[in-house]
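Here are my notes to read alongside the model. Keep the 3D view open and follow the points in order.

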Amino acid sequence: MVTSIASTGLAAVVCLTSVASLTLTGGHAGGPPPAWGTGPLTVDSLPRVPYVAHRGGAREVPEDSMSGLMAAYRRGTAQVLDFDTRVLRDGTPVVFHDATLNRTTFPGGEVRGLDAGEWRYVRLRPRSRLPGSRRAERPPTVAEVLDRFGGRIVLMPEAKDPRGLDRPAALIRARGLTRSVFVNTGDPEVARRVHGPGLLSQLWRSARRLRTDRPERRRSYAGVLDVDIKARDADLTRAVRSGIPRFWAHTVVTPAQRDRALSLGCNGVITDIPGRLSRHPVRGPGVVSAAPGR
């Protein structure tokens with residue numbers, strides 16, 4: 001696989017500078033946005049209605065990329081960074097959404113077919129519809145994201161590969177980030193596994209599942225109920241009343257969707273467009289403002 005990746009020639013042409021050379025500089029001078037203070041951040045620091053940058057803000061930046069996560073962090077319009085995780089052949093957890101490389105990178109093949117050495121040659125393919133100029137870059141590992149942002153902003157990795165959950169969980173615990181990270185999954189049993197050793201679990205429920213689900217049964221282990229914005233009003237309202245402390249609408253891509261979710265009682269917004277959404281004031285009687293407009 002290393003040969004097939006390297007044969008594209010892209011590793012020698014684009015993005016020869018390691019993502020690790022990026023530093024936390026710019027508007028926040030190497031620390032969290034000013035509104036968040038100076039200490040390590042935990043979920044207890046979140047505002048009443050936080051914004052979550054889904055995959056870093058996938059309609060504004062390259063999804064699941066270090067540059068995209070950095071841009072969302074620097075902008076300060078999201079208080080949680082969401083990213084996807086998968087596990088390589090050798091057990092290394094990496095930041096990537098799909099099971100295969102085909103959609104978002106230059107090489108093809110299965111993610112789990114690579115090891116850490118081969119991962120160094122993978123390059124994300126910049127998408128033309130994104131604003132600004134982009135260059136190819138290597139998808140980060142989970143350890144790199146935790147080391148870059150851990151304690152500076154709340155993180156939300158989604159476990160796309162539950163068989164490899166133990167390794168990312170160990171990385172979170174080793175860095176003292178158990179109160180700074182929500183581990184997301186769509187599988188209730190995986191959420192129980194996350195919660196068992198003291199991590200914070202987040203459970204995704206699709207509109208179809210919410211029709212028959214009993215969210216109150218999840219409150220002993222789900223720190224966040226991640227609810228589909230396409231769900232019916234009655235199902236969202238039932239989820240809000242489940243007793244789970246946080247219920248965040250996913251994935252919001254318009255101001256109208258956000259305002260509907262908030263009017264039904266959701267208290268978090270997971271969005272592909274945190275920058276753009278924050279520029280639109282919340283509208284509607286009795287609606288609690290999301291964080292950027294509070």
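1. Start with helix α6 (residues 166-174), whose buried residues are P168, A169, L171 and I172. Buried here means under 20% relative accessible area, exposed over 50%, partly exposed in between (1.4 Å probe, protein chains only). Those residues sit on the same side of α6, because they span an arc of only 160 degrees around the axis; the arc is that of the directions from the helix axis to the C-beta atoms. Helices (H or I, at least four residues) and strands (E, at least two) are DSSP runs, numbered from the N terminus.

2. A word on the source: this is a predicted model, where local features need pLDDT of at least 70, side-chain atom pairs count only at pLDDT 80 or more, and totals for chains, interfaces and linings use all residues. Residues are numbered from 1 along each chain as its sequence is written, and side-chain values use heavy atoms, leaving out hydrogens and water.

3. Now look at the other side of α6, where D166 and A174 are exposed. The cover over the buried residues includes β3 (93-95), α5 (142-149) and β5 (182-185). Just after the helix, G176 has a positive phi of about 65 degrees.

4. Next, find L155 in strand β4 (residues 154-159). L155 counts as buried because its relative accessibility is 1%. The C-alpha atoms of L155 and S180 are 6.5 Å apart, though 25 residues separate them along the chain.

Technical notes
Contact means heavy atoms within 4.5 Å.
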